[in-house]
Amino acid sequence: MNVTVSRKAHFNAAHKLYNSDWTDARNTLVFGKCSNPNYHGHNYELIVSVKGLIHPETGFVMDMKELKLIINTEIIDVFDHKNLNEELLEFSTLNPTAENIAVIIWNKLRSKIDNNLKLTITLYETPRNFVTYSGD
Ligand code: NI
């Protein structure tokens, strides 16, 4: 009997989307306002989901206090109020799209969470646009 438990978190961050191999015109065409050279911010909503068996002694899939601490330490402390392009090494050459941010977050959390648990990241860049990554 596998059960999924989830924790919501939030961070604010700035980014720009830009491909330096392209002209400014093509960047504007593809990335729109997100290619603004002076950056812009998003209120990112993060949902971290962990799926696994209920532990018979605790009744938990995972202790949510522990999950909260891992998210705060590994993700919120690192991403919140940062310029992702300028301040996070991962995005020095990687476009900080919601897709790429979700993959980076998944990679950071995967090593901190029991391997018997399946990890899924859902990242909202806007209330209507969100991406999901499960390591597949
Ligand atoms: Ni944007």
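Is Trp106 buried or exposed at 12% relative accessibility? Select it: Trp106 counts as buried, because buried means under 20% relative accessible area, with exposed over 50% and partly exposed in between (1.4 Å probe, protein chains only).

Before moving on: this is a predicted model, where local features need pLDDT of at least 70 and side-chain atom pairs count only at pLDDT 80 or more, while totals for chains, interfaces and linings use all residues. Residues are numbered from 1 along each chain as its sequence is written, and side-chain values use heavy atoms, with hydrogens and water left out.

Now the rings. The structure holds 5 aromatic pairs (Phe, Tyr and Trp rings, the six-membered one for Trp, with centres within 6.5 Å; planes under 30 degrees apart are stacked, over 60 edge-to-face, the rest tilted). Pick Trp22 and Phe31: their centres are 5.7 Å apart and their planes at 20°, so they are stacked. For a cluster linked by ring pairs, select Phe11, Tyr44 and Phe79.

Stay with Trp22 and show Arg26, which lies over its face at 4.1 Å from the ring centre (CZ of Arg or NZ of Lys within 6 Å of the centre and within 35 degrees of the ring normal).

Last stop, the nickel ion. His15 (NE2), Cys34 (SG), His40 (NE2) and His42 (NE2) are its protein donors, 2.1 to 2.3 Å away (donors are N, O and S atoms within 2.8 Å of the metal, or 3.2 Å for Na, K and Ca; water is not among the atoms, so sites may look incomplete). Both His15 and His42 are buried.
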